[in-house]
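Subject: Structure handover

Hi,

Here is the structure for you to look over.

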Amino acid sequence: TIAPLEGDTVINGFGPYVDPVYNIKIFNEAVTLKPKSSDAQVRSVLGGVVVFARKTAVMDQVVIIEHPNNLHTIYGYLSKIAPTIKQGVTVKEGYVIGRVDDRLMFEVTQKNRYIDPLELFN
């Protein structure tokens with residue numbers, strides 16, 4: 001598979017970490033990626049069907065794509081969702097689903113279990 005951003009930097013990784021403000025252990029279910037430039041294209045890492053594509057109160061614009069074997073990829077903090085991306089649309093691997101300015105939250109689940117997103121494309 002491909003990475004959702006070209007030339008990104010991992011800001012926050014998957015797994016347990018200690019919150020710097022509250023000094024408590026937390027499990028991070030996603031990775032946060034920093035694009036090399038603002039207005040960067042975000043691409044689907046696998047082909048699938050868009051099951052969610054809209055603005056949310058917490059993570060700005062969000063796109064969720066369902067793939068075979070009950071696998072879902074979640075793309076959060078998008079600055080824009082591509083106009084062709086709507087619920088029910090089928091996309092191929094590498095299809096531009098939106099744009100991001102300063103960070104992308106990328107999460108992967110399979111059958112309600114979190115998977116390290118970097119395992120998909122590393």
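Below is what was found, from the whole chain down to single residues.

Please keep in mind that this is a predicted model.

**Overall fold**

The protein has 13 strands and one helix. Along the principal axes, the C-alpha atoms fill a box of roughly 40 × 35 × 30 Å.

Buried residues make up 42% of the 122. Take the contacts with a separation of 6 or more: 58% of them link residues 24 or more positions apart.

**Surface and charge**

The accessible surface is about 7,000 Å². Carbon and sulfur atoms hold 50% of that surface. On the charge side, there are 13 positive and 13 negative side chains. The centres of the two sets are 5 Å apart.

Strand S2 covers residues 15-18 and strand S3 covers residues 25-28. The two run antiparallel and are joined by four bridges. Glycine 15 faces asparagine 28 of S3 across the pair. Six residues sit between the strands of this hairpin. In the hairpin, asparagine 23 has a positive phi, near 55°.

**Two residues to look at**

Serine 38 sits in the loop between strand S4 (30-34) and strand S5 (40-43). Is serine 38 buried or exposed? Its relative accessibility is 51%, and the cut-off for exposed is over 50%, so serine 38 counts as exposed. Beyond residues up to four places away in sequence, serine 38 touches Val100 and Asp101. Valine 100 is 62 residues from serine 38 in sequence, yet the C-alpha to C-alpha distance is 6.5 Å.

Isoleucine 115 belongs to strand S13, residues 113-115. Its relative accessible area is 12%, and buried means under 20%, so isoleucine 115 is buried. Which residues does isoleucine 115 contact, leaving aside neighbours within four places in sequence? They are Phe14, Leu71, Val108 and Gln110. Arginine 43 is 72 residues from isoleucine 115 in sequence, and the two C-alpha atoms are 19 Å apart.

Best wishes

Key: Residues are numbered from 1 along each chain as its sequence is written. This is a predicted model: local features need pLDDT of at least 70, side-chain atom pairs count only at pLDDT 80 or more; totals for chains, interfaces and linings use all residues. Side-chain values use heavy atoms; hydrogens and water are left out. Buried means under 20% relative accessible area, exposed over 50%, partly exposed in between (1.4 Å probe, protein chains only). Contact means heavy atoms within 4.5 Å. Accessible areas come from the Shrake-Rupley method with a 1.4 Å probe; for residues, only the protein chains shown count as cover. Lys and Arg count as positive and Asp and Glu as negative; His and the chain ends are not counted. The place of a charge is taken as NZ of Lys, CZ of Arg, CG of Asp or CD of Glu. Two strands pair if DSSP finds at least two bridges between them.
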